[in-house]
Amino acid sequence: KTFTAFYPAAFALWKRHELFAPAAGKGGLACGKFIEQEKVCIEVCVKNGVTILPQVPYAVVPYLFNQSKYALITASSVGGSQRAVLEAMSCNTIPIVMSDSEKCAEYVKESGFGIVVDPDVDKIKEVLSKEHKFDNDGRSYILSKYSADIYAKQLHEGIKSIL
């Protein structure tokens, strides 16, 4: 793996790069839309040696997940990032999510793949410094819940229910 932690998210305050950057440091990769009014998000990444990319095409994101040991998703409870958690799981990249982001933590808890940690730089660093093993893998969870076949069956059942 090239990067310790990857974070695909807009450089916006609610994504909390002030947690990501000092925890991931030089092993971090962050990419996303630059928000002109919130330059502090990029500045904290630069200060901590995080590699920064602008928003990349969606087709590139799985390659970046696969080059990373962890998906460190520091979004707040209003910050979204649920899709990033699911995308990380589909690549078997271990998601680390914040305990105060119920939406992101829900997938980690349900799947048994990933780590929920308090939004504290020292606690995040501690998680990043350890080896983690899981009984489940993220890709199996994704395929059991969100495969094209399951989606088609749900659509079929939905259509049948209104006919």
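Which residues in the largest nonpolar core touch the most other members? Select Leu72, Ile73, Met89 and Ile96: out of 49 residues in that core, they hold this place. A nonpolar core here is a set of buried Ala, Val, Leu, Ile, Met, Phe, Trp, Tyr and Cys residues joined through side-chain atoms within 4.5 Å. Buried means under 20% relative accessible area, exposed is over 50%, and partly exposed lies in between (1.4 Å probe, protein chains only).

Before moving on, a quick word on what you're looking at. This is a predicted model, where local features need pLDDT of at least 70 and side-chain atom pairs count only at pLDDT 80 or more, while totals for chains, interfaces and linings use all residues. Residues are numbered from 1 along each chain as its sequence is written, and side-chain values use heavy atoms, with hydrogens and water left out.

Now stay on Ile96 and show its contacts (heavy atoms within 4.5 Å). Setting aside neighbours within four places in sequence, you'll find Tyr70, Ala71, Leu72, Ile73, Ile115, Val117, Val127 and Leu128.

Next, switch to cartoon view and pick out the sheet. Strands (E, at least two residues) and helices (H or I, at least four) are DSSP runs, numbered from the N terminus. Two strands pair if DSSP finds at least two bridges between them. The sheet is open, with 6 strands in the order 3-2-1-4-5-6 and parallel pairing. At its edges sit strand 3 (51–54) and strand 6 (115–117), each pairing on one side only.

Zoom in on strand 2 (residues 28–32), which is joined to strand 3 by 4 bridges. Click Cys31 and look across to Leu53 in strand 3, which stands opposite. Cys31 is buried, at a relative accessible area of 3%. For Cys31, the nearest cysteine sulfur belongs to Cys45 and is 11 Å away.

Head over to helix 4 (residues 82–90) and helix 7 (residues 138–146). Their axes (lines fitted to C-alpha atoms over the stretch in contact) come within 6 Å and cross at roughly 115°, with angles running from 0 to 180 degrees between N-to-C directions. Select Leu86, Met89 and Ser90 on helix 4, then Gly138, Arg139, Tyr141, Ile142 and Tyr146 on helix 7, to see the contact.

Last stop: Lys103, in helix 5 (residues 102–111). Lys103 is partly exposed at 43%, and beyond four places in sequence it touches Ser77 and Gln82.

Methods: A disulfide is a pair of cysteine sulfur atoms within 2.5 Å.
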